[in-house]
Amino acid sequence: MIILNSFSNLLVYVIIRKAKASDKKMVLEFCKTTFSWGDYIVEVWDYWIREGNLLVLIENNNPVAICHSSFFDKQVWIEGIRVNENFRKKGFAKRLVLKSESIAKNKNCVISKMLIETNNKKSLNLADYLNYKKEETWNFYSLIPKKSYKKPKVIVAINNNKIINFLLLNSTYYVKSWRWILLAKTNIDSLINEQRILYTIHDDKINALVIFTESEYFEKTLMLTLISDSVNGSNEIITYFQNYAIDKNIKRIQILTKIKTLPKIENLDKKFSFYLMKKEI
Ligand SMILES: CC(C)(COP(=O)(O)OP(=O)(O)OC[C@H]1O[C@@H](n2cnc3c(N)ncnc32)[C@H](O)[C@@H]1OP(=O)(O)O)[C@@H](O)C(=O)NCCC(=O)NCCS
C-alpha cells in the first residue's frame, strides 16, 4: 500500500506482513528503550515468531512497528504493540491493531482484548479511538523468592463445588503467560487436576485463593493470580510461594491481582496497574 507522508509530502510504501526471523535485529533495536525499565520483546521474539502470529509493518523496506496476537475461546489477545519512536503518529499502531482484529474475525473470534498500563496515555488514546472499553483494573506485584521457616497453612484444591463457586464468584479471569483467560468450569477442573489451585481458610470459609502457572515466555518465572479478601490469607499464600520458589529454583514471581494493596512483605513490590481492555469485533 502506498501512503502520503503528511510531514514530508512524499509517497511511502507501507505493508503489513508476518514477521520473519530476519526482522529481529531492527525490531529489537527500536524496542530497547520502549519503557523506563526497557522492554520484554527481546525475551519473547523467538517464541512469537514460532507461534506465527506476529505482524510487522514495513515502511520503505524497513520494519518499523510490530503487534502480536493469539487466539483462544473465540477471543483474540493483542499484545506487544510497538512503533519505532521516529515513526509514531502516522496511524501505524491503528493499522496493526485493525489488521489483527480482521485476522481474528476470519478465525471466528468475536472479542478482542488487550492490557494497557493505567499511565500509558498514548496507548489508552489508541484503544479509545479503536473503541476498546476498560473492563477491569489489575495490579502487578513482583516477588523475589526467599527462604522462610514459617509454615503457611495452604491447602491444595480438590474438585468440589465450594472451590469452583468461590472462583466463579470472585474472578472472571486467571492469568497465564500475561494473557487473561476466562474462567469456566472446564478450565477450573483442569487447573484443579494439575494441582494449580491453592487456598487458605478462616472460620471454615475460603479467605484467599491462588492459581499458579509457570510462564511460557519468561524463564523460571512463576505467575500467580491472587484472589483474597484477607490480609492473613494473602500473607500465607505469598510466604508459601516465596519458599516454594526457592525449592523449585524459580527466579521470580509475578503476582497479578485485583487487590489494590497487598500486605507489606520483604521483597514484594508493587510495579504497575493495568486496565484489561475489551472490544466486540
Ligand atoms: C502507543 C503506540 C503504540 C502508538 O503508536 P502510533 O503508531 O504512534 O499510534 P497511531 O499513529 O496509530 O495513533 C497515535 C496518534 O497519532 C495520530 N495520527 C494517526 N495518524 C496520523 C497521521 N497520519 N498524521 C498525524 N497524526 C496521526 C492519531 O490521531 C493518534 O493521536 P492521539 O494519540 O492523539 O489519539 C506508540 O506510541 C508506542 O510504540 N509506544 C510505546 C509502546 C507502547 O506503549 N505499546 C503499547 C503497550 S499496550
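## A salt bridge between the domains

A salt bridge is a side-chain nitrogen of Lys or Arg lying within 4 Å of a carboxyl oxygen of Asp or Glu. In this predicted model, the side chains of E43 and R252 form such a pair, with 3.5 Å from N to O.

Four salt bridges are found across the interface of domain 1 and domain 2. The same interface holds seven residue pairs in polar contact, with both residues at pLDDT 80 or more. On the side of domain 1 that touches domain 2, α2 (41-51), β4 and β5 (75-83) each contribute at least two residues. The greatest contribution there is that of α2, with five residues. Sorted by class, this side of domain 1 has seven nonpolar, three polar and four charged residues.

## The two domains

The domain assignment divides the protein chain into domain 1 (2-109) and domain 2 (140-280). Their centres, taken over C-alpha atoms, are 32 Å apart. Contact between them involves 14 residues of domain 1 and 12 residues of domain 2.

About 1,100 Å² is buried between domain 1 and domain 2, and 58% of this area is on carbon and sulfur atoms. Within domain 1, the residues that lose the most area to domain 2 are E43, Y47 and W77, which together account for 41% of what that side buries.

## The setting of S69

Residue S69 is located in strand β4 (residues 62-72). Is S69 buried or exposed? Its relative accessible area is 3%; because the limit for a buried residue is under 20%, S69 counts as buried.

Apart from neighbours within four places in sequence, S69 is in contact with N53, V76, W77, I78 and S100.

Definitions and conventions: Residues are numbered from 1 along each chain as its sequence is written. This is a predicted model: local features need pLDDT of at least 70, side-chain atom pairs count only at pLDDT 80 or more; totals for chains, interfaces and linings use all residues. Side-chain values use heavy atoms; hydrogens and water are left out. Helices (H or I, at least four residues) and strands (E, at least two) are DSSP runs, numbered from the N terminus. Buried means under 20% relative accessible area, exposed over 50%, partly exposed in between (1.4 Å probe, protein chains only). Contact means heavy atoms within 4.5 Å. Domain bounds come from an automatic or database domain assignment. Buried area is the accessible area (1.4 Å probe) that two parts lose on being put together, summed over both. A polar contact is a pair of N or O atoms within 3.5 Å; within protein, one must be able to donate a hydrogen and the other to accept it, and residues adjacent in sequence count only if both atoms are side-chain atoms. Ala, Val, Leu, Ile, Met, Phe, Trp, Tyr, Cys and Pro count as nonpolar, Asp, Glu, Lys and Arg as charged, and the others, Gly among them, as polar.
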